[in-house]
Amino acid sequence: MIVTNREEGSMYKSALIGILSMIAVLLVPQMAKAEYADVVINNYADAAGMRPAVFPHWYHRIRFRCKVCHADLGFKFKAGGNQITMAKIIDGQFCGACHNGEISWSVENCGMCHSGVPGTPTLIHGSTVQRLVAPTYKSMDAPSDQKK
Amino acid sequence: MRTLKLMISSLALLSLLLTTTAVMSADEKAEPAAKPAPKSKVSAANVFNRLLKKEKVKNAPPAQDGIHDPANDNTHVLQPPMIAYEGLPTTEFGNYVDWVKALNDGLLNPRYDRFDPTVEPLVMDLDIVREVKASVPDVVFPHKPHTQWLHCSNCHPKIFIPQRNANVINMSAILLGQKCGVCHGKVSFPITTKSCKMCHSKPKPDDWKPPKSEATLQNPWR
């Protein structure tokens, strides 16, 4: 096969582009591939200098039925809609109903919940609504212009 | 780290091979022509499956899932979902776990009461059939799997009025997170083309014909 200089150049060029794009694909941060129904709660965490809290639904539904949290403990069916604060938790409300050192580990394990990537907005991962309507959920009471 | 490097280099080599072969075959075809016309710039937007974003890794461990911070020590203490899902029946959507079947098969026994593991759920076995105007199969709502997990007060009366024909439900509302969509599409199985038949499960009667639209009825050339 006769290859002119110009074509050889283009071959190397395309090969280089191929390699670069391969590397780019590997290096560029991937879209979040978290577990379906993982909830990131960032109503107040970022502002308080903490990582946002991540609630894994899957882990909890293996141990408890929906009723325990959503009927007995009064968790609303809305990510970020419960205005949970640490004060409420140490009073035994919301997460604090179990995470009290009796049913489950206590609140001194900050990083177990506050383990989210800083700056992640409140969201429920894999939500259809989120995909169709808005890029992220807004917390119920915080106006959007409050965020810097 | 070493394996990753090896992987990257092998991928790069593969891409090199692919691109060179592509170029070579193009050259062979272009041979008879004296000089191929310079290629005009084509839009980079013409990619295959532009809007089909597929999940590349299923059930990723917390440190790699994109929402947990790997810089946080405790992230590495959290349980990876794949360990917990071992032996559970699978589905094609959501967590890729069939939670209802797992419960029915006795593989899971989540507590119905926060303190007492012996409390039995208040199960009601009542199927509600909802006729659907469109040609998709009618909806059968089974109370049983729902009451195994939830309490009556979770849905009634706020989300669903417990009365026949009192609830207007359509797929748009569900997809926007209302009615069934309060849970389905967020926590319980999501709305995908693979899961339609989970709810739309009662075939239409044999003599069923789709109702004709007003426009069709008024069409003088019908």
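Colleague: How many bridges join β1(A) to β3(A), and which way do the strands run?
Modeller: There are 2 bridges between β1(A) and β3(A), and the two run antiparallel. Strands here are DSSP E runs of at least two residues, helices are H or I runs of at least four, and both are numbered from the N terminus. Two strands pair if DSSP finds at least two bridges between them. One thing to keep in mind is that this is a predicted model, in which local features need pLDDT of at least 70, side-chain atom pairs count only at pLDDT 80 or more, and totals for chains, interfaces and linings use all residues. Residues are numbered from 1 along each chain as its sequence is written, while chains are lettered from A and ligands numbered from 1 in the order in which they are written.

Colleague: Thanks! Which residue of β3(A) does A:V39 stand opposite?
Modeller: In β3(A), A:V39 faces A:I124. A:V39 also has A:F55 opposite it in β2(A).

Colleague: And how many bridges are there between β1 and β2 of chain A?
Modeller: Strand β1(A), residues 38-41, pairs with β2(A) over 4 bridges, in the antiparallel sense. Within that pairing, A:V40 has A:V54 of β2(A) as its bridge partner.

Colleague: What's the strand order in that sheet?
Modeller: The order is β2-β1-β3 in chain A, an open sheet of 3 strands with antiparallel pairing. Its edge strands are β2 (53-56) and β3 (123-124), each pairing on one side only.

Colleague: Are the residues on the two faces of β1(A) buried or exposed?
Modeller: They're buried on both faces: A:D38 and A:V40 on one side, A:V39 and A:I41 on the other. For the cut-offs, a residue is buried if 20 or more other C-beta atoms lie within 10 Å of its own, exposed if 12 or fewer, and partly exposed in between, with C-beta atoms placed from the backbone.

Colleague: Zooming out, what does chain A consist of?
Modeller: Chain A has 6 helices and 3 strands, running α-β-β-α-α-α-α-β-α from the N terminus on. Of its 148 residues, 32% count as buried.

Colleague: What share of the contacts joins residues at least 24 apart in each chain?
Modeller: Counting contacts between residues at least 6 apart in sequence, the share is 50% in chain A and 33% in chain B. A contact means that the two C-beta atoms, placed from the backbone, lie within 7 Å.

Colleague: Back to sheets: what order do the strands of chain B take?
Modeller: Chain B has an open sheet of 3 strands in the order β1-β2-β3, with antiparallel pairing. The edge strands are β1 (127-130) and β3 (200-202), and each pairs on one side only. Neighbouring strands of this sheet are turned by 55° against each other on average, direction ignored; axes are lines fitted to C-alpha atoms, for helices over the stretch in contact, and angles run from 0 to 180 degrees between N-to-C directions.

Colleague: How many bridges join β1(B) to β2?
Modeller: There are 4, joining β1(B) to residues 138-142 of chain B in antiparallel fashion. As one of the details there, B:V129 has B:V140 as its bridge partner in β2(B).

Colleague: New topic, B:H68. Where is it found?
Modeller: B:H68 is in the loop between α1 and α2 of chain B.

Colleague: Why does B:H68 count as buried?
Modeller: Because it has 27 C-beta neighbours inside 10 Å. Beyond its neighbours within four places in sequence, B:H68 is in contact with A:V54, A:S115 and A:G116, as well as B:P62, B:A63 and B:T75.

Colleague: Is B:N49 buried or exposed?
Modeller: B:N49 is exposed, because 7 other C-beta atoms lie within 10 Å. B:N49 sits in the loop between α1 (2-30) and α2 (81-84) of chain B. Its C-alpha atom is separated by 23 Å from that of B:N59, 10 residues apart along the chain.

Colleague: Last one: which residues is A:N82 in contact with?
Modeller: Leaving aside neighbours within four places in sequence, they are A:F75, A:K76 and A:F94. A:N82 lies in the loop between α3 (66-72) and α4 (86-90) of chain A, and it counts as partly exposed, with 19 C-beta neighbours inside 10 Å.
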